[in-house]
Amino acid sequence: MSVRKLFQLSALRETWKTAAMKSTPGRQQGVLRWTHSGGCSYRAVIFDMGGVLMPSPWTVAAEWEAHNRIPSGTIRQAFVRDGNRGPWMRFLRGEITTEGFLEEFGRLCSEIAKTSVPVNSFLSLITSEQLAKQFPVMTQAISQIRARGLQTAVLTNNFCLSNGESFLPLDRKQFDVVVESCLEGISKPDPRIYQLCLQRLSLQPSEAIFLDDLGPNVKAAASLGIHTIKVDHPETAVKELEALLGFPLCVGVPNTGPVRKTMEIAEAALEKYLKGLLGTHDTGPMELLQFDHGQSNPTYYIRLADRQLVLRKKPPGTLLPSAHAIEREFRIMKALRNADVPVPTVLDLCEDSSIIGTPFYLMEYCPGIIYKDPSLPGLEPSQRQAIYTAMNQVLCRIHSVDLQATGLDSFGKQGDYIPRQVQTWTKQYRAAETSSIPAMERLIQWLPLHLPRQQRTTVVHGDFRLDNLIFHPEKAEVLAVLDWELSTLGDPFADVAYSCLAHYLPSSFPMLRGFRDQDVTQLGIPTVEEYFRMYCLHMGISPIDNWNFYMAFSFFRVAAILQGVYRRSLTGQASSATAKQSGKLTEFMAELAWDFATKEGFRIFKEMPATKPLVRSYHAWAGSRPQRTPADVRSYSTVAAASPSQETKGGLIISPEGLSPRVRKLYDQLLQFMEQNVYPLEPELQRHQASADRWSPSPRIEDLKEKAKAEGLWNLFLPLETDPEKKYGAGLTNMEYAHLCEVMGMSLYASEIFNCSAPDTGNMELLVRYGTEEQKARWLVPLLEGRIRSCFAMTEPQVASSDASNIEASIREEGGSYVLNGHKWWISGILDPRCKLCVFMGKTDPQAPRHKQQSIVLVPMDTPGINVIRPLSVYGLEDAPGGHGEVRFKDVRVPKENIVLGPGRGFEIAQGRLGPGRIHHCMRLIGFSERALSLMKTRVMSRTAFGKPLVEHGTILADIARSRVDIEQARLLVLKAAHLMDVAGSKAAALEIAMIKMVAPSMAYQVIDRAIQAFGAAGLGGDYPLAQFFAWARALRFADGPDEVHRLTVAKMELKNPSRLPEPAAPRV
C-alpha cells in the first residue's frame, strides 16, 4: 500500500539534540556513567522479558483464545484471579510445579470459560521457539548499551519448566545480572526484587533505567527512585531510551533486514546493471537489505561503493489491474523535483523484467526522520504543532503545482476523479474479495449516490500521511514526500481527508496507528477542524460541508487496499511481514467508513428544506441550544470541562464514533475500565450478594468507586440542561450520556461504581433542580461525592401506584414540623446501610385539585418512626445490599424546611425528577441486551447438539438475527428520545419517551429470553448474568411505568397529531 518508514535518521534525532546529553569521562567500578545535562546519571538498563524483550503472554493469549474458540479474556481473568495468591503468581514465584500449575490453572480457566480449556496448549505456545524470540530492535539496543560500557540486566517474572529449568529463552551473555522470580521466590511488583537486582548491579536506584510493559511493575520501580519506561511498543520504548541515554541504539539502516525468501531478487544481475548505470568499477560487495514496512511494492536498500540507493519494484506474480504502477511513481517524482515539492532524487526506471524479474526504479537514499507514530511521542506540544503545520503546508504545495509547466496535465483524466476512484476501488476490492463484508456492500451502493457536485483538479498524492514524509533532523521541515504510487490528477480534498485518518484511529491499531484515544489539544496536534481550516487558509479557499463524504471515501479506499494486501498475503506476494493481519482490519475500516456515510446522510437530511411548516418543530434534527460556561464554581464531576469547540454540534449521533473528542475519550475510558476492572470482578460480587454479608456493601465496589472517580468516570449522568454551569456533573447531553449509559448497562454492578445508579441519580437531579442551598449542602454534596445513598418512597401496597394521584400516605403540618404517616413498599435502596436520605411523597391536602394534593419531603433515615418491615425479592433475587423494602412511616416528624419547593408541588417535582431519569433505564436495557446477545453468540459457537454446532441450527441463527434487529431499532429510538430532550425538553419529547419506555423493556426481555434459551439450564443459574438481566427487564415493564400506561400515552398523542397522509372519512370512489 505504501512505502512506509523507509528512510530513517542517520544522525541523532532532534530529541537527542535538544536533550543535550553528554558522556562523562571515567568509570565507577568499571562502568561508564552517562549523564543528562539536568543532572541525572545512568549506569545500567534493566529489562523485563515478556512484553519488552519478547512478545507478551497477554498478547499471545488473545490470539490463542480466538484460535481455540475460548471466550475472549479467559486467560487474562485467570492470570489476575485471586491476585498474589492465584495460581499464576504462585507459579511465577516457584511455589508450585508445572504440573500443579497446569492442573489448578486449567480448572480455573474452565470455570471462567464454562468449557474445557487446554491450558497445556497455551503454555506450549508461549514457550515455543516460534514465539520465544527476542525483538531485533531490543537485541540491537542492548548491544549498543553494552558497547558504551553500561551494564544490562533482566528482571523478569518467569517460571520453571517441567524439567526444573527456568524459562529464559535469551542469550544470558547479553546481561550482567539476571534476576528471575521463580528462582528468588519473590516477584514484581514486590519492592524486594528490584532492590535485589540493584544490589547485584552495585547501583543506587537513580543510576538505573527500568523497562516494563505492566503499569504496577513500573509504578513499584518508580517508587524506589528508579527511572522507568512503560513499554507499549518496543520501537517507541527504544526511542525513549535513546533520549535518556543520549546516544543512538539503532545502527545501520533502520527498519531493514535480510531479504525475505519470497522477495529475493537476482543480486548478481542487479549489481551488474547498477555498475553500468552508475559508472562504478568498485569490486567491493553490494549490500542488499529489504525494508520491513510498506504493503504494496517491495522496497530495498542498496549500498554499492559510496552510493546509497533505494530500489522499488513491482511484486512478483499476477497482479490486479492498474495496481503497483511504479512507472507513474517515477514519472511524477521526476516532474516534481523542480516544482517546489520535496521528493527524493530519482535516478532510473528499468522496465526490463529480465534484470530482476519485474520492472523497478531507483532513487537516492534520503536520510532524515520519519515519524512512525502520528502522536509524536517524546516531542513537546509546540514541536508537534510545528510538524503538523509543515505537513499541511507541503500538501498545499503539492496541490498548487502548475500542471502545464511540469508536464503533468496529461498525468490523469481531469474531472470526475471521485466517481472514477469509487469505481476503481470497487473493482480492486471485488478482485481481491475473500468473503462478503456487509459494510463494504453498503458503501459500494451508497458512495456513487452521494458524489460531490463540484471538484477542483490538482495533483493528488493519494496516500498522504505523516509517515510518508521525511523531516529535517533539527527543524520542522519536510525533506521528501514518499510513496507516490496512487498519485494522479484529482480532487485535492481527498488528500486532505486521507491525511486525517490518524485522528479517527486508535493508538493500538496495527499498520495505521492513530491517536483517537488521546487528547490532541494536550498533545499540541491540531484537531481535524483546525487542520482543515489551516489548509483552506493556505490555499485561499472556503471550507466544504460534505467532509464526512470524503472521510467515508478515504476509509473505503483503505479497506479495499487492505483487502488486496490480505489477498496477496495468502499467495505469498505481499511485501510486508505483517500483511496477514490486514484481513481482520478490512471489516473494521469498512465499518468506520460506513459511520461517516451515516453522518453525511444525516447532514443532508438536516439541510433539506421543509415543504410546509412542521407540526413538531422540535424534530430530531433541531439545533442545540446555547450553553453557558462555568465561572468560578466547584465541580463535583471529575471530568475536565470541555472547550466550546468540543461541545456537541447538536446532530443526532447514532454511534460512539460521532461523539465529540472529549466525550469519545470518556467512552473509550469507560470501555477500558469495564474490561479491566468490572467484568473480571463480577463473579466475586455475585458471590458476595449470596453470602451472609450480602447486606453490607462490598469493599471491592468501594475500591472501584474511588478508582473510577480518580479516572474521571464519575457523576456522568447529570444533563447539561439541568446543570448548565457544570457545577455538579460532567456536562454531557442526554444523547451523549446515552452512549455511555449503554456501556454501564452491560454489567449489573457498573452504574453504582460510577455513581450513576438509581434511585440516587433521580434524587440528585431533584436536589439540583429544586433543592434549597441548605438542602443541597446537607444531602446533594455527600450524594455527589458517593459518601451516602438514598431512596425514593412513593409506591404503596393498597393502591394502584402507577397513578401517582392514588397515593394515600399523609404529610400533616403540625407546628414547625411535618408529620408523615404511610405504608410504602418496593422502596429500592432503603436496606443499604449507606442510605441516609429518603425522599418521601405523600398528600398534604387531599381536597386540593388532583395534581396539587401531593408534596415531597426530605426525611433523614435516622428519624424515629421509620420501620422497615421486610426485604422484597424480584423473582427470588434480593438485590442486596440496597434491596427493595416494605416500610411503615409512623408519626415521622421532620422540620418544615425539609419540604421541597412547598406544599402541593409533589406531582410537579416527581415529573421533573424523572426528566433524564425517564430513559436511563432504557439506555441500560440496551446494554443488558448487547451483553446477552454477546454471551449467546459465544455460547452457540462453542456447543454442539444433534450432530452439529448450535450456531449452525436455523432456529438459533434466526434468534440471533431477530435480537440484533430488535436492539438496533430500540437503540435508535432511545437516541432520538434523548436528542429531543436535549433540543426541545422533556415535555416536547413526551411521545418518544413513552414509546421507548414501552419498547425497551419488552425488547430486552425477548433478547435475554432468547439467550437463556440458547444457554439451556445454565442460563437460569447464577453463573451468568442472564437470569438477573431477565428479572430486571421484566420488572421494568411496570417499575418504570406499566406498558399499558405508555401505550395509552402514545395512542392519545398519535390521535391528536394530524395524519401525514390525510384520509377522508368516507371511502375513496
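## Starting at the surface: D82

A residue is called exposed when its relative accessible area is over 50%, and buried when that value is under 20%. D82 has a relative accessibility of 53%, so D82 counts as exposed. This residue sits in the loop between α3 and α4 (87-92). Its backbone deserves a look too: D82 is not a glycine, yet its phi is positive, at about 65°. Keep in mind as you explore that this is a predicted model.

## The protein as a whole

Welcome to the wider view. The protein has 1069 residues, and 56% of them are buried. Its secondary structure comes to 35 helices and 27 strands.

Now turn to helix α6, which covers residues 119-126. Its buried residues are V119, F122, L123 and I126. These residues lie on the same side of α6, because they cover an arc of only 95° around the axis. The buried residues of α6 pack against α2 (57-67), α3 (74-80) and α5 (98-113).

One of these partners, α5, can be followed in detail. The axes of α5 and α6 come within 9 Å and cross at roughly 120°, and the two helices are therefore oblique to each other. On the α5 side, the residues that meet α6 are T98, L102, F105, G106 and C109. On the α6 side they are V119, N120 and L123. By class, the contact of α5 with α6 has 5 nonpolar residues, 3 polar ones and no charged ones.

## Helices α14 and α20

Two packed helices are described by the angle between their axes and the distance between the axes. Helix α14 (residues 381-399) packs with helix α20 (residues 528-539) at an angle of about 45°, and their axes are 10 Å apart. That angle makes α14 oblique to α20. The crossing of these two helices is right-handed.

Which residues of α14 and α20 make the contact? From α14 come Q385, Y388, T389, M391, N392, Q393, L395, C396 and H399. From α20 come Y531, M534, Y535, H538 and M539. Sorted by class, the contact of α14 with α20 has 8 nonpolar and 6 polar residues, with no charged residues.

## One loop, two residues

The loop between α15 (403-406) and α16 (417-432) includes G415, and L408 has its place in the loop between α15 and α16 as well. Is L408 buried or exposed? With 0% relative accessibility, L408 counts as buried. G415, at 29%, counts as partly exposed.

Their surroundings can be listed as well. Not counting residues up to four places away in sequence, L408 touches R331, I332, A335, L336, L403, V459 and L489. I332 is 76 residues from L408 in sequence, while their C-alpha atoms are 7.6 Å apart in space. For G415, leaving aside neighbours within four places in sequence, the contacts are R420 and T457.

## Backbone details to look for

Most residues other than glycine have a negative phi, and most peptide bonds are trans. Another is L376, which is not a glycine but has a positive phi of about 55°. L376 lies in the loop between β14 (360-364) and α14. L376 counts as buried, because its relative accessibility is 1%.

Where can cis peptide bonds be found? One runs from K188 to P189, with omega near 10°. P189 is in the loop between α8 (181-184) and α9 (191-201). A cis peptide bond also joins A880 and P881, with omega about 5°. P881 lies in the loop between β24 (866-872) and β25 (884-895).

Definitions and conventions: Residues are numbered from 1 along each chain as its sequence is written. This is a predicted model: local features need pLDDT of at least 70, side-chain atom pairs count only at pLDDT 80 or more; totals for chains, interfaces and linings use all residues. Side-chain values use heavy atoms; hydrogens and water are left out. Helices (H or I, at least four residues) and strands (E, at least two) are DSSP runs, numbered from the N terminus. Buried means under 20% relative accessible area, exposed over 50%, partly exposed in between (1.4 Å probe, protein chains only). Contact means heavy atoms within 4.5 Å. The arc is that of the directions from the helix axis to the C-beta atoms. Axes are lines fitted to C-alpha atoms, for helices over the stretch in contact, and angles run from 0 to 180 degrees between N-to-C directions. Angles under 35 degrees count as roughly parallel, over 145 as roughly antiparallel, 65 to 115 as roughly perpendicular and the rest as oblique. A crossing is left-handed if the near helix is turned anticlockwise from the far one by less than a right angle, and right-handed if clockwise. Ala, Val, Leu, Ile, Met, Phe, Trp, Tyr, Cys and Pro count as nonpolar, Asp, Glu, Lys and Arg as charged, and the others, Gly among them, as polar.
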